[in-house]
Number of protein chains: 2
Amino acid sequence: MKRQPAARPSTSQEVAPGSNGALRHLCEKSHPAAAAEALSALEPKAVWEVLRDIDPVLRTEIFSHLEPNLQVDMVGTLPRADMARLLSDMPPDDRADLFRRLPEESRDAVLPALAEAEREDIRRLTNYEDGTAGAVMTSDYATLSPDLTVAAAIERLREVAPDKETIYYSYVVDNDRRLLGFVSLKDLILARRDATVRDIMHEDVISAKTSDDQEDAAHIIQKYDLIALPIVNDDGALVGIITHDDAIDIITQEHTEDMRRFMAITGSTGTDGYLRTSVWKHVQHRVGWLVGLGALGLVSGIIIHEFEATLTQVIILALYMPMVADTGGNTGSQSATVVVRALALREISPRDVWRVLLKELQVSVFLAAVLGILAWAKIMWLSQGVEIPPGFSLGNIALVISLALSMQVVTATLIGALLPLTAARLKLDPAVVASPALTTIVDITGLLIYFFTARWLLGV
Amino acid sequence: MKRQPAARPSTSQEVAPGSNGALRHLCEKSHPAAAAEALSALEPKAVWEVLRDIDPVLRTEIFSHLEPNLQVDMVGTLPRADMARLLSDMPPDDRADLFRRLPEESRDAVLPALAEAEREDIRRLTNYEDGTAGAVMTSDYATLSPDLTVAAAIERLREVAPDKETIYYSYVVDNDRRLLGFVSLKDLILARRDATVRDIMHEDVISAKTSDDQEDAAHIIQKYDLIALPIVNDDGALVGIITHDDAIDIITQEHTEDMRRFMAITGSTGTDGYLRTSVWKHVQHRVGWLVGLGALGLVSGIIIHEFEATLTQVIILALYMPMVADTGGNTGSQSATVVVRALALREISPRDVWRVLLKELQVSVFLAAVLGILAWAKIMWLSQGVEIPPGFSLGNIALVISLALSMQVVTATLIGALLPLTAARLKLDPAVVASPALTTIVDITGLLIYFFTARWLLGV
């Protein structure tokens, strides 16, 4: 979380290099997020030249808003004393994040220059596994003892406020830092000044554990409309908080990952963004699934090879092969999408598998009827000039193709719903069954349905 | 925004009907969001029987957390007086939302039973167009006059706190309600008690307009880590705020829409969720694109028809047709996904079209090389037994197919990147060029590339 939410977004995003005075002025006038955005256009060294001479509090905020990669590059160019000063001013969660990204030699250089308490804090926060609540929490929160009076509690918050990310929620802890409850600043403002914190605190405090998934923590913040969520360790002791703004960032990041995974892209651009990610990284993220799907796609080739005789006998079947395959892919992707999204929004759980399949079956029967009838009409209309082998009629063939299409729509829809539900049941990410993979799989079922229907009904 | 963030999530989600006493107890013990979740299992009438007798403040909060459809159904079963009491207790933004959903007759029944000020408030809030900042803002915010002392300001916030969604930010307005600045409660707590609000307020306040897109407002809250964003009308007068928890909900809803749209699903399940949405609605949301894509897919059929002679001459071409088509669809969908997501995250803008195309061109050349070589190897290995017409060699044919595949990868990747960028440039949602549509389009380019390459290089 960054403090000081003031100031207007800067309108000038492009910055002429060299004009450090003007840039410094811009940094002092703009919101730190806007200043950071403007500075991103510069080289790491030039950014430091602008930041070096401005007020340390503001400097740290602007720095915390820079893209992580730029932060790492900048730190690499700094003398050790400057590096240490910058790190020691940062909010603990952002500092731990940066520290995780620093190359070994920078870490070794900067650690001895920091105060013991800061070293300890970094060590503690970087210890949690990536993606857990512990790894994203901050240690800048306000605690109160239950026996303080409201007046004394407010006084204490006044003292610590400049150093804390939020004083709007304070956590009430005992001597072992075990979480007893929480009070909001609003509660304190409204309460009688001689009441104790214990009198007014909410005892049923919602919390998460350091080992919980960061996404689950973010969803709790979303569900209960919290400003901050306290994080406790295995002993129930308070060790950090996750704030509302971090929750938005976690949820956004989760969306990006879901969408990429669902479209068969591995890895993540992290916070680097599309343009800063190298061509080679982009290739790495995409090539894996493509190669895998290409191999799986060979199965389609083998099936067509098996039915070569059927195809050469009734060549009209080849013309509508792509239509059946594509429609299956489309309907399967649609049902997979709604199921993946419903799972992500916690609208359904893996236990709802039968209810979901029943619903999708009903939906797919409607779709199959509509698409089957349209396919029949299209074939009758478009294929009048196509050569029909003796013994068959266009009407028969059209019926067979549209019947196969309808069966394929139902099959693909059910597979599309079943795969993400199965993944969720196996505790995998539902989006792991990427839509292109699904398309390739239902291509195979589609071809089998197509050719077996033709063989069975037309006898070819 | 719902007030009172206390209490532990309820663990019992299934509720036995009939046990109203137990249910009431559960409602009083749980967080309102958890209580609402538990009650959702009941019929609308039964929900009211539980809620009727509990404390009005808590009742309103639980009610505000219920799914919108259940709210509407419940209101329909209530006598007018109960309906009016419930509505008048609700936070203004939630009340306006509910009112928008009520059928005409319920609106007409309830309006006369409300106080004049509430009627006016509803009329004002429901006037804003759906999807704008005006339509999601709340009118429960605290304002301060600039000439108040800090002590008087805190006193005033104490008085109004119980009725306001947040008192952590207060907005400083002049006599025409024009926004002069804002102060946080933290600022007030830290300031000298005899300073004036004008002395300590932040003048560069970030705001949005009522007519702004709700998603833009949410992104401002995310970018600047705000607890609330003030919303002004065309005259610059403060008319509402959007709070951090609404921003999370807007961003989540936006992502669901993006993902659905991108996978060729129209409409939205709104807040009803997957299971509550009827089969018929699901069909409606999916059938449109399917029919459209089916029609577009006929173009593939026509192309294959045109090249029937080529196919029957070199039947091996038919075997690898699906591989070329699928790979094109997959690579195109991947590039479309990263571009759509980068646009949504504001990492790139439509003006970056050349930089994006250059990057995708580089990526696609790598991918084309890898996939082309693999395709060549697969054909050489798998198709040794396939009949080759006289005058051709398997080596030649494999070379032609893998060359066509490579060209298709480059073309599909560029089309996948270009379409969403073009949509964004035309001020359309980039996700409007759904991935299935893209797949169908690049199927067509793929077949053309495939057959023209074969005709040109093999002379068939």
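Predicted model: local features only at pLDDT ≥ 70, side-chain atom pairs only at ≥ 80, totals over all residues.

Modeller: By the rule applied, the interface of chain A and chain B holds four salt bridges. Helix α19 of chain A, residues 316-344, supplies the largest share of the side of chain A that touches chain B, namely 17 residues. Sorted by class, that side of chain A has 63 nonpolar, 28 polar and 26 charged residues.

Polar contacts were counted as well: 34 residue pairs between chain A and chain B are in polar contact, both residues being at pLDDT 80 or more.

As for extent, 117 residues from chain A and 117 residues from chain B take part in the contact. The size of an interface is often given as the accessible area lost when the parts come together. Between chain A and chain B the buried area is about 11200 Å², and carbon and sulfur atoms give 69% of that area.

The next point is how the two sides correspond. Of the interface residues of chain A, 100% are also interface residues in chain B, so the copies meet through the same surface. In general, two copies of a chain are related by a rotation about an axis and a shift along it. Here, chain A is superposed on chain B by a rotation of 180 degrees with 0.0 Å of shift along the axis, at an RMSD of 0.1 Å. The two copies are therefore related as by a two-fold rotation axis. Within chain A, the C-alpha nearest that axis belongs to Ile248(A), at 2.9 Å from the axis.

One of the salt bridges joins Arg85(A) and Asp82(A), whose closest N and O atoms are 3.7 Å apart. These two residues are three residues apart in helix α6 (residues 80-89) of chain A, and Arg85(A) and Asp82(A) are therefore separated by about one helical turn.

Lastly, a note on a sheet in chain B. Its three strands form an open, mixed sheet in the order β4-β5-β6. Strands β4 (208-209) and β6 (238-243) of chain B stand at the edges with a single partner strand each, so one side of each has no neighbour in the sheet. The pairing of β4(B) with β5 (residues 228-232) of chain B is parallel and runs over two bridges, and Ala208(B) stands opposite Ile231(B) in β5(B).

How values were computed:
Residues numbered from 1 in each chain as written. Chains lettered and ligands numbered in written order. Heavy atoms only, no water. Contact = heavy atoms within 4.5 Å. Buried area = accessible area lost by both parts, 1.4 Å probe. Salt bridge = Lys/Arg side-chain N within 4 Å of Asp/Glu carboxyl O. Polar contact = N/O pair within 3.5 Å; in protein donor to acceptor, adjacent residues only side chain to side chain. Helix = DSSP H or I, 4+ residues; strand = E, 2+ residues; numbered from the N terminus. Nonpolar A, V, L, I, M, F, W, Y, C, P; charged D, E, K, R; others polar. Pairing = 2+ DSSP bridges. Least-squares fit on C-alpha atoms with pLDDT ≥ 70 in both.
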